[in-house]
Amino acid sequence: MADFVSRGFGGGRRAPEHLAKRMPPGQYYEKGFPVLTAGPTPRVDLASWTFKVEGKVVSPGEWSWEQVAGLGLEQIPCDIHCVTKWSKLDTSFGGVSLDRFWDRVEPRGGFAVARSTGGYTTNLPMEDLTGGKAWLVWEHEGTPLTPDHGGPVRLLVPHLYLWKSAKWISQIRVLADDYPGFWEANGYHNRGDPWREQRYWND
Amino acid sequence: MERLTPGAWQIATVVGIKQETHSVRSYRLKLAEWVPHLPGQHYDVRLTAPDGYRAQRSYSVASSPLDAGEIELTVDRLPDGEVSAYFHEVLVVGDQIEVRGPFASYFVWRGEEPALLVGGASGIVPLMSMLRHRRLTSPGSAMRLIYSVRTADDVIFADELGEESFITFSRRPPEGWMGHTGRIDAGLVSRAAFGEGVAYVCGSNGFVETASGLLLDAGYGPQQIKTERFGPTS
């Protein structure tokens, strides 16, 4: 199968040559920021919004918007990769590292499920959410995150396919065992590493 | 012959091409390792250049899973498209193309009733698989389609849209058109909606935002509205 060449195909949308190494396999170079969401965009009211961290932790926590914003605003330059094949390079988000929350709650499980307002869920091993690899974000390229992109506050885990970066995040539950989230139960890969092209169940 | 892993790449053969509109064609592919899809599911297509460069895209299946051994992918030619341009400018009957699938089990119709299908432009493609499969398996089941297109020249599957279809022409209706004109609105939704069951909305992000907002206003709960979005927004 590796030898198959598509008759008459030259490749019409390659990334600029100096960026080609940053494109995971099967991804194409996208300058925009497409929106992919299962279901309608929920309306989240920041005045009543909270972020909870629960489950297998020493001390569960709940933060209001003011408390989350009060943790500081870190700029996170990154490349993002969507399983629907587009990658956006050299973008940036503003938010706070999840490590700040882990310091407070002290997780004791190896897995987590992130939950969104509206009911969306996605599962990740704690390894992917700790050590400066995951953030709560509320700005994109210097402006407030819009609702269709997950605003007011979303999860950002840029080293995995973007469905792991739950929009409209409201809760992270730490678990002893792995438990598939929404797309993970609907045919998509459990981990979703774009560099290993882990798109679907058998990848 | 040993069976491939479900979802593994395989080489399909183009066995038929149908011009649907000025910018849309349907490609019938014969698969050696065919499995029945759920209406609404997609396949991935992969193109490989002689130097090893590869491009992939996802395309919804338009055909019913009762078409054993074959799938039909309906492809809209995008202005800066890489893979859609290849379909339209290069592929001819007899060509081979790498595909894998079917994938994703969220935006699928498993016989849910009543079902309201809401499509904008080429967003009708996965909905047509549902419509076709329902006609073959349960023609009496409650299913309606709201279909928004710009002009009469943009109507895909025109000869298959029956009395369950509510078309609106968002830009220019055909001569003598007595139906709905303009963008999808509360009036059109209220005429077609069941108010219960499931709604499947597919189209550009802007269309899906508008249509799902109208469905929420019409009494559908967020969990009753399944959406599939495509296209860049910025």
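In this predicted model, 42 residues of chain B are in contact with 36 residues of chain A, contact being C-beta atoms, placed from the backbone, within 7 Å. Residues are numbered from 1 along each chain as its sequence is written, while chains are lettered from A and ligands numbered from 1 in the order in which they are written. Local features need pLDDT of at least 70 and side-chain atom pairs count only at pLDDT 80 or more, but totals for chains, interfaces and linings use all residues.

On to the packing. The largest nonpolar core runs to 64 residues, with Leu73(B), Leu117(B), Leu127(B) and Tyr200(B) having the most contacts inside it. Such a core is a set of buried Ala, Val, Leu, Ile, Met, Phe, Trp, Tyr and Cys residues joined through C-beta atoms within 7 Å; buried takes 20 or more other C-beta atoms within 10 Å of a residue's own, exposed 12 or fewer, partly exposed anything in between, with C-beta atoms placed from the backbone. Leu73(B), for its part, touches Tyr27(B), Leu29(B), Tyr43(B), Tyr59(B), Val61(B) and Ala62(B), leaving aside residues up to four places away in sequence. A second, separate core of 41 residues includes Ile80(A), Phe111(A), Trp138(A) and Trp183(A).

As for H2(B), 11 of its 14 residues are buried, so the rest of the structure largely encloses this helix. Among the elements covering its buried residues are strands E4 (54–60), E5 (70–76) and E7 (115–120) of chain B.

Methods:
Contact = placed C-beta atoms within 7 Å. Helix = DSSP H or I, 4+ residues; strand = E, 2+ residues; numbered from the N terminus.
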